[in-house]
Amino acid sequence: MAAPMEAPERRPFGRRFLTDPARLFQHNAWDNVEWSEEQEASARSKVQENSSQLLPQDKQEEYEVNAKRYWDDFYKIHENGFFKDRHWLFTEFPELAPTRNPSENGDSLHEFSNKEESNNARLGSCENGHCSLETRAENQLNLIKSTPKICTEELATQKYSELNQSDGDYPGSSASYRILEVGCGAGNTVFPILQTNNDPGLFVYCCDFSTIAVDLVQNNAEYDSSRCFAFVHDLCNDQSPFPMPDESLDVVILIFVLSAILPGKMQCIVNRLSRLLKPGGTILLRDYGRYDLAQLRFKKGQCLSDNFYVRGDGTRVYFFTQDELDDLFTTAGLEKIQNLVDRRLQVNRGKQMTMYRVWIQCKYRKPSAPQL
């Protein structure tokens with residue numbers, strides 16, 4: 001792992017590097033960088049320009065109807081080689097670590113590991129508009145080339161009906177700590193959790209819209225059906241059941257997932273996920289913030305609606321404000337533990353490029369007692 005920068009130097013550089021380019025390219029990333037009024041105004045102007053021409057309504061409907069196909073195509077092309085494993089999760093979200101601390105107050109935003117998020121020659125590069133914070137260059141997961149064991153939505157529905165008739169016996173029913181990751185992709189969150197957290201009472205559920213993505217998870221060498229259950233699920237279909245009952249989960253994870261959903265459907269989805277939480281359970285979110293590099297790089301003709309865009313590969317992305325996310329979660333009856341914006345300066349030393357990323361990180365808890 002790359003050695004962390006010395007603490008006395010790290011924080012001040014966020015300001016000094018804006019006027020010291022010679023020194024800028026000696027390092028990789030700085031968190032909580034303050035934006036000037038001019039920088040904020042420039043970003044706002046770029047967004048106004050790239051959103052001035054909206055796609056026709058029929059095209060927008062096409063992207064919604066074919067959303068699953070576009071994500072299937074994405075994982076067919078990239079398999080598990082696009083994103084890096086998210087080992088930073090245990091710093092940002094100690095609820096996922098073996099020594100979990102549910103009383104974490106969430107008042108501060110920790111730094112990402114340099115290796116996991118920054119020390120990469122392709123740092124901040126875009127593929128088809130996916131300006132990923134985790135473009136993967138090494139440590140790809142090994143796949144077992146075997147017959148797919150997909151749990152499709154139809155099969156999940158059948159299994160759920162059967163489990164409801166068997167006195168509460170469902171996957172993970174005997175576990176003492178249950179985590180669900182929504183939008184698991186190729187498993188870049190699930191497998192670090194399974195590898196790091198050896199709590200014998202842990203059970204991890206993971207689902208994705210893409211059948212191909214779930215196939216990649218289930219055929220991974222690290223997949224352990226005694227500790228994990230992967231299944232295909234369409235969040236936007238409120239008639240599609242989950243394999244676990246309401247109020248059975250301790251944690252729900254949303255990592256760059258809610259932004260891929262049609263804005264008008266977000267509230268219903270958050271409401272559904274809230275019902276799955278036990279009293280005291282928590283939703284953990286990290287997603288794109290307003291004026292992130294990825295938003296500024298979109299061209300005219302890629303905007304679907306305010307702050308909602310389609311990438312070149314047909315997948316979509318929304319860019320949030322803190323208030324928007326707070327409204328979604330509090331309307332679902334959750335209470336705020338953390339809602340922070342992280343403005344980071346990243347540097348590609350090879351290309352001598354500076355890039356400003358904007359992410360939002362949230363923790364919202366289901367009240368332990370009914371709200372009066």
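**Close-up 1. Glutamate 247 and lysine 366 pair up in a salt bridge.** Partly exposed means a relative accessible area between the buried limit, under 20%, and the exposed limit, over 50%; at 46%, glutamate 247 therefore counts as partly exposed. This is a predicted model, and here the closest N and O atoms of the pair sit 3.6 Å apart. Glutamate 247 comes from the loop between strands E6 and E7, while lysine 366 belongs to the segment after strand E13, so the contact ties together parts that are 119 residues apart in sequence. Lysine 366, at 14%, is buried.

**Close-up 2. Aspartate 342 meets arginine 286.** Their side chains form a salt bridge at 3.0 Å, N to O. The C-alpha atom of leucine 340 lies 7.1 Å from that of glutamine 322.

**Close-up 3. Arginine 290 reaches glutamate 324 in helix H13.** This is another salt bridge, again given as 3.0 Å from N to O. Arginine 290 lies in the loop between E8 and helix H12, so the pair ties together parts that are 34 residues apart in sequence. Arginine 290 is buried at 18%, whereas glutamate 324 is partly exposed at 26%. Helix H13 has the highest mean pLDDT among the elements of the chain, 98.

**Close-up 4. Helix H1 has the lowest mean pLDDT among the elements, 32.** Residues 1–27 have pLDDT below 50, with 50 contacts beyond near neighbours in sequence.

How values were computed
Residues are numbered from 1 along each chain as its sequence is written. This is a predicted model: local features need pLDDT of at least 70, side-chain atom pairs count only at pLDDT 80 or more; totals for chains, interfaces and linings use all residues. Side-chain values use heavy atoms; hydrogens and water are left out. pLDDT is the predictor's confidence in each residue, from 0 to 100. Helices (H or I, at least four residues) and strands (E, at least two) are DSSP runs, numbered from the N terminus. Contact means heavy atoms within 4.5 Å. A salt bridge is a side-chain nitrogen of Lys or Arg within 4 Å of a carboxyl oxygen of Asp or Glu. Buried means under 20% relative accessible area, exposed over 50%, partly exposed in between (1.4 Å probe, protein chains only).
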